[in-house]
Structure formats: C-alpha cells, structure tokens
Amino acid sequence: MSERIENKGEGCGAGCSCGAEAPGLLVSPMDRRKFLSLGAYAAAAAALAACAPVATNVTSPGSVSATVKVSDYSTLATVGGVAVTTVNGTPVAIVRTGATSFITLSRVCPHQGSTIGQISGGFRCPNHGATFNTTGGWVGGQRTSNMQSYATTYNAAAGTLTIG
Ligand code: FES
C-alpha cells in the first residue's frame, strides 16, 4: 500500500526519472520504514563516534628493578621533591610523598610512548600535551591513562629505595 504526500507543487517535473507522480509524491510505508531505520542507524553511528574510546595504553613500559640512594638526588631531601631520572634505561620520576614514603612513576607516556617531562605541579608529555599530577594521575590534555607506577620501598636505615 502507498499513500500520497502533497509536495505543494514542487513535485517532479518533466524529465525527472524518480518515478514520482507530479504534483504529488507516492511513498510506500516500506520506504518510510527503511528511511527511518537508516536514520536510526545514522544517529546511532554518530552517537558511537562521539563516545568512541580514545586510544590509551598504547605503550607499556617495561619493568624496572633497581636500588637507588635517596641522597644521590638532592630534590628528594624534602617532601614533595621530584627526581627526574633514568633507572635501568627507563625514564622515571621518583616523588617523595612523605617523610618515609616515595613513589616511582614511569615517564614513558601511556599514550604513544614519548618521554614525559616535569612541569610545575606535575608532568607533561611534549608530544600531544597529556598532563599528569605529581602522583601520575592524568589531569588534562591528550586523553590517556595514568602514568604507570612501580613499587617503591624505602629503607630508612640504608637511605635507599628499592624500585620494582
Ligand atoms: S605520546 Fe601522546 S600525549 Fe604523550
């Protein structure tokens, strides 16, 4: 079955090959259903595109196993101090979070592997601008995951950190 929809005189004219009758337009219910379902698919596709996950964790830095002396890094003498260094070939940031607590963060960017640098109040990747707070949490710029952290154990008697 089909129904006629008025096109207010703007119907197909001579020479048109669409098959519609001028001045009205014949539209079958099946055509409308197809049209509406295609519209629904298009809307769903647009919604999915808007919510598409952003690539994260493209790079996974390797493990680190090392022992370092806290006194080798003058910036670690005070709480909140950060030592930007390399351990066993892996760029890391060691952060003194308390009198006897430290964390070690990989400076390999979780987005695409560039080396993250230190900025005021945290860290920033120079490649696409992902920024992280001083404990490695992602806070802005290129969306990605947090900086990877390594287990870090402080030996107060020896003044050393065992990382990894
Ligand atoms: S590599 Fe893209 S934000 Fe770091």
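**A walk through the strands**

Strands here are DSSP runs of E with at least two residues, numbered from the N terminus, and two strands count as paired if DSSP finds at least two bridges between them. Within this pair, Asn155 sits opposite Thr160 in β13. The hairpin has four residues between its strands, and Gly159 takes a positive phi near 70° there.

A quick word on provenance. This is a predicted model, where local features need pLDDT of at least 70, side-chain atom pairs count only at pLDDT 80 or more, and totals for chains, interfaces and linings use all residues. Residues are numbered from 1 along each chain as its sequence is written, and side-chain values use heavy atoms, with hydrogens and water left out.

Now for the sheet. Four strands make up an open sheet with antiparallel pairing, in the order β4-β5-β6-β11. Its edge strands are β4 (82–87) and β11 (149–150), each of which pairs on one side only. Strand β6 (residues 102–106) runs antiparallel to β11, and two bridges join them. Look for Leu105, which stands opposite Ser149 in β11. As a reminder, strands of a sheet pair through backbone hydrogen bonds, either parallel or antiparallel.

Last stop: Phe123, which you'll find in strand β8 (residues 122–124). Phe123 has a relative accessible area of 0%, so it is buried (under 20% relative accessible area, with a 1.4 Å probe and protein chains only). Phe123 and Arg107 are 16 residues apart in sequence, and their C-alpha atoms are 8.7 Å apart in space.

Methods
Buried means under 20% relative accessible area, exposed over 50%, partly exposed in between (1.4 Å probe, protein chains only).
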